[in-house]
Amino acid sequence: MPADRLVIVGASHAGFQVAASLRQHGFDGAIALVGDEPVLPYQRPPLSKDYLDGKIGLELLLMRPEAFYREHRIEFLPGIRVTAIERGEHRVRLATGEHLAYDHLVLATGARNRVPPVPGVKLDGVCYLRTLAETDALRRHLAGAERIVVIGAGFIGLEFAAIARAHGRQVHIVELTDRVMGRVVSVPTSHFFAAAHRAAGVEFSFGAAAMRIGGHAGRVDHVELASGARLAADLVLVSVGVVPNGELAAAAGLEVANGIVVDEQLLTADPAISAIGDCASFPCGHAEGRPTRLEAVQNAADHARCVADRIVGKPHAYSALPWFWSEQGALRLQIAGLTTGHDQHVLRGDLASGAFSVFCYRKGELLGIESINRPADHAHARRLLGSGRQVTPSEAADDGFDLRAAAMARS
Ligand code: FAD
């Protein structure tokens with residue numbers, strides 16, 4: 001059925017890109033882009049990087065200026081929450097009480113901060129870092145803070161820690177597991193980053209659980225660990241991961257299991273509803289077809305392009321190579337492919353020089369490549385992995401082996 005009226009719920013990387021790609025393809029129907037944040041769609045990565053650091057302002061965060069939406073006939077509805085999907089009527093209900101009818105509905109509802117079940121998470125000075133509003137609040141607190149505790153040593157906690165240290169603040173990171181970014185990167189990469197942060201003056205408590213965030217007169221002043229240790233803090237960043245926003249879909253009877261479940265074309269069980277980006281669990285060809293939910297700009301944008309292709313009559317299975325980046329102080333980490341579950345890793349380059357790549361294999365098959373301050377390796381890695389071809393562990397380890405030639409020849 002042709003989709004003349006498209007409704008997109010969630011106006012961030014994924015939602016914006018569907019609308020933009022559809023117009024690029026000449027889609028002529030009506031597009032409504034509904035987002036519950038009160039601003040034009042903006043990029044999230046700089047929130048924990050240049051925007052937090054005060055190096056760029058809001059105008060450089062925005063995906064496009066306001067005129068773009070007018071010129072491309074994208075009806076952008078800011079600050080409005082979609083409260084229900086009425087599948088039988090092919091319409092969504094808005095918090096305003098109004099309804100929007102759709103021929104096709106795209107759920108791009110993303111994810112929200114996970115809030116740990118510990119007392120004190122609402123105290124003044126306890127911050128989060130997902131939205132523009134949260135980042136603005138964090139910046140205000142950072143300006144007056146001296147001692148900072150970061151709960152969670154994932155990408156966002158570490159990016160923030162690097163900036164806070166560069167601004168001369170004391171930073172202590174509390175992490176439940178035994179290493180940084182443990183969910184996503186290999187052991188050598190993890191250890192290298194922890195050492196770099198330590199060298200910059202960041203302190204760590206590994207294997208440590210925050211049990212209580214304590215305060216005085218409503219303001220945070222310490223974090224208490226399960227060990228009984230008390231860490232003084234006038235700012236606490238809680239960065240312990242996210243929860244996918246699947247409730248809207250679940251309430252409409254769609255399957256949700258760590259994300260809204262979709263097929264290889266990113267369709268839910270309802271052929272009039274797609275789900276994309278951080279909120280979607282899809283069968284990932286780069287993870288042996290396992291249901292996978294990724295939190296990356298590449299994934300959000302490529303999902304969006306895949307759905308736009310389908311809507312304009314060019315359906316195909318989603319197959320894009322996952323890739324990701326993070327910036328922590330002077331270190332730029334770039335990951336191509338998914339390295340989770342690898343059983344062998346090979347180093348290329350020199351760890352001591354701070355520029356190297358880690359090639360991750362399972363049963364001899366190259367799964368993914370982590371590059372630290374080696375952007376050329378990352379570019380070759382994407383080409384290589386995107387073409388589904390291999391380099392052997394011994395080729396990878398040999399810095400004289402021409403990775404570029406291998407990537408070009410085999411793509
Ligand atoms: P989201 O960005 O989560 O957007 C979903 C939107 O939908 C939100 O605005 C939400 O409020 C809205 N919404 C939800 N429910 C409703 C509803 N019912 N009605 C209306 N609106 C609704 N990725 C990288 O690849 N590299 C990086 O360096 C990187 N850095 C990051 C730094 C930070 C601080 C953060 C927070 C994320 C970073 N990411 C990075 C991850 C990346 O930003 C996300 O993967 C991406 O934003 C996902 O886009 P999305 O559109 O799927 O979801």
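Which helices and which strand each supply at least two residues of the shell around the ligand? In this predicted model, they are helix H1 (13–24), helix H8 (297–311) and strand S22 (323–328). The shell also draws on two domains. Domain 1 spans 5–112 + 243–311, and domain 2 spans 126–240. Both give residues to the shell, so the ligand lies between them.

There are 33 residues around the ligand. Those that come nearest are Ser-12, Asp-36, Glu-37, Arg-44 and Lys-49. By class, the shell holds 16 nonpolar, 9 polar and 8 charged residues.

Ser-12, one of the nearest residues, places a polar side-chain atom 2.7 Å from an oxygen atom of the ligand. Val-82 takes part through its backbone: an N or O atom there lies 2.9 Å from a nitrogen atom of the ligand. Trp-325 also uses its backbone, with a polar atom 3.0 Å from an oxygen atom of the ligand. Taken alone, the ligand exposes 1000 Å². The protein buries 95% of that area.

The second largest pocket was examined next. About 440 Å³ of space lies in this pocket. Its lining comprises 22 residues. Closest to the pocket centre are His-13, Gln-43, Met-63, Val-297 and Trp-325. The elements that give two or more residues to the lining are H1, H8 and S22. These elements also each supply at least two residues of the ligand shell. H1 contributes the largest share of the pocket lining, with 6 residues. In composition, the lining divides into 10 nonpolar, 6 polar and 6 charged residues.

Key
Residues are numbered from 1 along each chain as its sequence is written. This is a predicted model: local features need pLDDT of at least 70, side-chain atom pairs count only at pLDDT 80 or more; totals for chains, interfaces and linings use all residues. Side-chain values use heavy atoms; hydrogens and water are left out. A residue is near a molecule or strand if one of its heavy atoms lies within 4 Å of it. A polar contact is a pair of N or O atoms within 3.5 Å; within protein, one must be able to donate a hydrogen and the other to accept it, and residues adjacent in sequence count only if both atoms are side-chain atoms. Accessible areas come from the Shrake-Rupley method with a 1.4 Å probe; for residues, only the protein chains shown count as cover. Helices (H or I, at least four residues) and strands (E, at least two) are DSSP runs, numbered from the N terminus. Ala, Val, Leu, Ile, Met, Phe, Trp, Tyr, Cys and Pro count as nonpolar, Asp, Glu, Lys and Arg as charged, and the others, Gly among them, as polar. Domain bounds come from an automatic or database domain assignment. On a 1 Å grid over the protein atoms alone, a cavity is a set of points where a 1.4 Å probe fits but cannot get out, and a pocket is an open set with protein on both sides within 12 Å along at least five of seven lines; lining residues have an atom within 4 Å of a point. Grid points are joined across faces, edges and corners, and a volume is the space filled by probe spheres set on the points.
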